[in-house]
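Welcome! Take a moment with the structure below, and then we will walk through a few of its parts together.

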Amino acid sequence: MRFHYMGKYNGYPKSLPSREPVPGAVPFREPKDSKTLGIVASGIALPLMIGAAILYFVRCRGTWNGWGFILYFLSFVPHEFLHALCFREDVYMYQNLKQGMLFVIGQEDMSKGRFIFMSLLPNIVFGFIPFAVFLICPELRLLGTFGMLSIASGAGDYLNVFNALTQMPKDSLTYLSEFHSYWYLPARPQ
């Protein structure tokens, strides 16, 4: 992996890395603009947050841990680095902190399984594992708060996983170009 920090994202998708379309590649059916994506992501995040909050309060009957909130905000960059580690080639990181955006883009081909793993890895490491530890040891409220927030903030990643599971045929490959994901079936050797 070759990591490139690109600085502030200017809001123009055409300014992001793009690649030549693969013949026969099919774009994922996904929200076409950031406003629609925000609405869809909120529709995913809200039930996750409510569910995790209910489990949190049932398990510890306590208040949130303030350090868990701080740790959550400190995990934004490491979250993106975990995504980046799943790429073998160039990966580009952008931010627009005013809009709460931090993301990575790589243009290489990925199998369905590796794309799903790449999408879920930060949510597993920073969300599900800490929250599971908290459920076992409820006195670790820092992990409970941190895990709960991290699980809910992975909504965009879960949308990518859903799209891959429901749209990509077996043995297909996927790649990113600008803000969009595409899949295609590679040519079989004759």
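Let us begin with Met1, which lies in the segment before strand S1 (2-8). Keep in mind as you look that this is a predicted model. Met1 has a relative accessible area of 41%, so it counts as partly exposed, a class that falls between the 20% and 50% cut-offs. Leaving aside residues up to four places away in sequence, Met1 touches Ala84, Leu85, Phe87, Arg88, Glu89 and Val91. For Lys98, which is 97 residues from Met1 along the chain, the separation between the two C-alpha atoms is 28 Å.

Our next stop is Ser75. You will find Ser75 in the loop that joins helix H2 (66-74) and helix H3 (76-85). Is Ser75 buried or exposed? Its relative accessibility is 7%, and because buried means under 20%, Ser75 counts as buried. Which residues does Ser75 touch, not counting those up to four places away in sequence? They are Phe126, Phe146 and Ser150.

Finally, turn to the sheet. Four strands form an open sheet in the order S2-S7-S6-S5, and their pairing is antiparallel. At the edges sit strand S2 (26-27) and strand S5 (110-111), each of which pairs on one side only. Strand S5 pairs with strand S6 (residues 173-177) in the antiparallel sense, over two bridges. To see this pairing residue by residue, look at Ser111: its bridge partner in S6 is Leu173.

Conventions: Residues are numbered from 1 along each chain as its sequence is written. This is a predicted model: local features need pLDDT of at least 70, side-chain atom pairs count only at pLDDT 80 or more; totals for chains, interfaces and linings use all residues. Side-chain values use heavy atoms; hydrogens and water are left out. Buried means under 20% relative accessible area, exposed over 50%, partly exposed in between (1.4 Å probe, protein chains only). Contact means heavy atoms within 4.5 Å. Two strands pair if DSSP finds at least two bridges between them.
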